Amino acid sequence: MVVNFKVFKKCSPNNMITLYMNRREFVDSVTQVEPIDGIVVLDDEYVRQNRKIFVQLICNFRYGREDDEMIGLRFQKELTLVSQQIYPQQKQDLQLTKMQERLLKKLGSNAVPFIMNMPPSSPASVVLQQKASDESQPCGVQYFVKIFTGDSDCDRSHRRSTINLGIRKVQYAPTRQGIQPCTVVRKDFLLSPGELELEVTLDKQLYHHGEKISVNICVRNNSNKVVKKVKAMVQQGVDVVLFQNGQFRNTIAHMETSEGCPLNPGSSLQKVMYLVPTLVANCDRAGIAVEGDIKRKETALASTTLIASQDARDAFGIIVSYAVKVKLFLGALGGELCAELPFILMHPKPSRKAQLETEGSVDVA
């Protein structure tokens, strides 16, 4: 069977350089990242002139509003993670992918392959959502493959002979579930006997985007206070590593109920509350962390960031986490009792069948 699939193509403004890539998402498995591969096709004039062509992997980290920038002050770091000369070709042994081999046969003698290895500790692609009226660059981490001509890789590239193609570094959910999250918190009261106990359990640790979260709540009131209502919420934690105080939280789904309340002294309550965190319900809120390509219609909430250890956190990154928080309201004098459970929210890994389909024939527009 012959399978036709998409190949991404982008030309420089002067049409002298063309970039072909069969994918724009590269999987980070915590210990290693898939190599970035592609084909560059040069115009006959550039080949005759023996022009030097360079390919670079650029990480663009914006950590402040573009409107707040002043003369000499920019809230943006552009990091060159990988840089290599691909034409004239240097002596190196490249293990070409099947896609590259087929493209080389199809595109002719002016086609040049390249392979770049992204550092495993580099941050994941995440951007912070802006208001609909804000047209400036969003804060976050974005990656670009840059192709340009020059005398060296440090030369300032000219716009007409430069290609910038956005790519994403993604992580997929582990294949195995972790330990079922469960916690018990208790609160006693000054000059009042007994204590209030709250037990919260999730049905599993790992959820896929759009999946319903079951929050099992058990309240045992052995105090003389009265529980007036119960609230459950999903909170997204965002940690901008560059800043010491760059941590904040957003409530992206919540549910509040007074069913079974007031819960009087000596009584107990057991109930299940369901929450579904989605970007659709938060599309108008600024500061929500979303996937690194904000222009795509199928953009979703940012996945949980998996890192090997806290020491492996990149200073130019944004770490995203999720937690379920349950709160009992006891009135103005009684205060509140809160319990919190972290969980993982990610996309499932594509099936092996979908991966095999990329080994079909090449159809280049």
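User: Hi! Which exposed residues sit on the face of α2 turned away from its buried side?
Analyst: That face carries K98 and K105. Exposed means over 50% relative accessible area, buried under 20%, and partly exposed in between (1.4 Å probe, protein chains only). Helices here are DSSP runs of H or I with at least four residues, strands are runs of E with at least two, and both are numbered from the N terminus. This is a predicted model, where local features need pLDDT of at least 70 and side-chain atom pairs count only at pLDDT 80 or more, while totals for chains, interfaces and linings use all residues. Residues are numbered from 1 along each chain as its sequence is written, and side-chain values use heavy atoms, leaving out hydrogens and water.

User: And which residues of α2 are buried?
Analyst: M99, Q100 and L103 are the buried ones in α2, which runs over residues 98-107. They lie on the same side of α2 because they cover an arc of only 95 degrees around the axis, taken from the directions from the helix axis to the C-beta atoms.

User: What covers them?
Analyst: The cover over the buried residues of α2 includes β2 (17-21), β4 (36-42) and β7 (111-116).

User: What happens just after α2?
Analyst: There G108 takes a positive phi of about 95 degrees.

User: Switching topic, how is the chain divided into domains?
Analyst: Domain 1 is 8-172 + 351-359 and domain 2 is 182-346; the bounds come from an automatic or database domain assignment.

User: How much area do domain 1 and domain 2 bury between them?
Analyst: About 2,200 Å², with 65% of it on carbon and sulfur atoms. Buried area is the accessible area (1.4 Å probe) that two parts lose on being put together, summed over both.

User: How many salt bridges does the rule find across that interface?
Analyst: The rule finds 1; a salt bridge needs a side-chain nitrogen of Lys or Arg within 4 Å of a carboxyl oxygen of Asp or Glu.

User: Last one: is P193 buried or exposed?
Analyst: P193 counts as exposed, because its relative accessibility is 60%. P193 is found in strand β12 (residues 192-202). Leaving aside neighbours within four places in sequence, P193 is in contact with N222, S223 and N224.

Note on methods
Contact = heavy atoms within 4.5 Å.
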